[in-house]
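This report examines a protein model through its confidence, its helix packing and its backbone geometry. The sequence and the coordinates are shown first.

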Amino acid sequence: MTKIEVLGTGCAKCKRLYANVQEAVKSLGMEAEVFKVDSLDELIERGVMSTPALYIDGTLRLSGRVATVDELIRMLRG
Amino acid sequence: MTKIPTCTCGENEPGRIIFPCAGQANTGQLSNLAAVELTEEGYGSIACVAKLAIGDEGLVKSAMNADEVVVIDGCPLQCAKKIALAQGVVPAQHVIVTDLGIGKGPSKSYTPDDIETVVSACWRGVGKSADLSDPPGRQE
């Protein structure tokens with residue numbers, strides 16, 4: 001099962017990325033666990049300097065902006 | 001003492017311009033609120049459709065050079081889209097609020113869910129498959 005993590009401190013952009021990820025997962029019908037990580041300590045530990053950030057199976061795939069649903073679908077397919 | 005940032009958000013995507021119709025009806029007002037929310041969420045930057053209508057040279061140039069122009073119209077009159085096309089600006093996405101199941105007037109009221117419906121539709125790109133050709137003019 002794919003593990004997807006959305007890192008952010010809870011602002012509008014972070015919330016939207018989380019929503020878009022859920023929408024993309026739903027569209028693909030894939031089995032995935034989506035987590036919201038809002039701990040500042042966790043962000044610092046991972047070296048995330050710009051949020052929101054997206055990790056797919058432990059790999060940083062996006063940082064500092066929100067991806068559209070289409071872009072996320074392509075990312076998750078890839 | 002180290003100051004802890006409350007937000008570490010990146011910048012908005014520079015290449016996307018959003019034109020809401022900003023009409024007087026509830027749906028027009030919703031188009032504007034959705035464009036503001038989309039700007040806050042980093043989807044793009046809201047721009048003034050009235051300024052586009054008067055052919056403001058700078059704005060027309062910005063719209064022409066944008067990676068993507070998104071037009072949000074409140075109703076099937078498609079005023080904002082017609083304004084854009086009249087200036088030679090072809091939208092990559094065109095969302096009509098009433099197509100999303102939100103009725104136009106007579107009430108001016110709307111809910112946060114209505115705003116979310118329009119905002120999430122733009123993020124999903126539902127208006128990308130719309131017919132982006134010149135809409136038929138109103139019969140006088």
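The sections below treat confidence, fold, helix contacts and loop residues in turn.

## Model and confidence

The model is predicted. Its scores are ipTM 0.78 and pTM 0.83. Chain B has a mean pLDDT of 88, and 81% of its residues reach 70 or more.

Two segments of chain B stay at pLDDT under 50. One is residues 1–5, for which the model has two contacts beyond four places in sequence. The other is residues 136–140, with four such contacts.

## Fold of chain B

Chain B contains five helices and four strands. Along the sequence these elements follow the pattern β-α-β-α-α-β-α-β-α.

Of the 140 residues in chain B, 44% are buried. When contacts in chain B between residues at least 6 apart in sequence are considered, 70% join residues at least 24 apart.

## Helix 1 against helix 5 in chain B

In chain B, the axes of helix 1 (residues 26–40) and helix 5 come within 9 Å and cross at roughly 60°. Helix 1 of chain B is therefore oblique to helix 5 of chain B. The crossing of helix 1 of chain B past helix 5 of chain B is right-handed.

On the helix 1 side of chain B, the contact is formed by L30(B), L33(B), A34(B), E37(B) and L38(B). Their partners in helix 5 of chain B are D114(B), I115(B), V118(B), V119(B), C122(B) and W123(B). By class, the residues of this contact between helix 1 and helix 5 of chain B comprise nine nonpolar, no polar and two charged. An α-helix has 3.6 residues a turn, so residues three or four places apart point the same way.

## Helix 1 against helix 3 in chain A

In chain A, helix 1 and helix 3 pack at an angle of about 60°, and their axes are 9 Å apart. Helix 1 of chain A and helix 3 of chain A are therefore oblique to each other. Helix 1 of chain A passes helix 3 of chain A in a right-handed crossing. Helix 1 of chain A contributes L17(A), N20(A), V21(A), E23(A), A24(A), V25(A), S27(A) and L28(A) to the contact, while helix 3 of chain A contributes V69(A), L72(A), I73(A), L76(A) and R77(A). This contact of helix 1 with helix 3 of chain A has nine nonpolar, two polar and two charged residues.

Which residues of helix 3 of chain A are buried? Helix 3 of chain A spans residues 69–77, and its buried residues are V69(A), E71(A), L72(A), I73(A), M75(A) and L76(A). The elements that cover these buried residues include strand 1 (2–7), helix 1 (12–28), strand 3 and strand 4 of chain A, together with helix 5 of chain B.

## Cis peptide bonds

Most residues other than glycine have a negative phi, and most peptide bonds are trans. In chain A, a cis peptide bond joins T51(A) and P52(A), with omega about 0°. P52(A) belongs to the loop between helix 2 (40–46) and strand 3 (53–56) of chain A.

In chain B, the peptide bond from G105(B) to P106(B) is cis, with omega near 0°. P106(B) lies in the loop that runs between strand 4 and helix 5 of chain B.

D57(A), a residue other than glycine, has a positive phi near 50°. D57(A) is placed in the loop between strand 3 and strand 4 (59–63) of chain A. With a relative accessible area of 49%, D57(A) is partly exposed. In chain B, A22(B) is not a glycine, yet its phi is positive at about 55°. A22(B) lies in the loop between strand 1 (16–20) and helix 1 of chain B. Its relative accessible area is 37%, so A22(B) is partly exposed.

T111(B) is found in the loop between strand 4 (93–96) and helix 5 (112–124) of chain B. T111(B) is partly exposed because its relative accessible area is 36%. T111(B) and S62(B) are 49 residues apart in sequence, and their C-alpha atoms are 32 Å apart in space.

Key: Residues numbered from 1 in each chain as written. Chains lettered and ligands numbered in written order. Predicted model: local features only at pLDDT ≥ 70, side-chain atom pairs only at ≥ 80, totals over all residues. Heavy atoms only, no water. Helix = DSSP H or I, 4+ residues; strand = E, 2+ residues; numbered from the N terminus. Buried < 20%, exposed > 50% of the residue type's maximum accessible area, 1.4 Å probe, protein only. pLDDT = per-residue confidence, 0-100. Contact = heavy atoms within 4.5 Å. Axes fitted to C-alpha atoms, helices over the stretch in contact; angles between N-to-C directions. Parallel < 35°, antiparallel > 145°, perpendicular 65-115°, else oblique. Left-handed = near helix turned anticlockwise from the far one by under 90°. Nonpolar A, V, L, I, M, F, W, Y, C, P; charged D, E, K, R; others polar.
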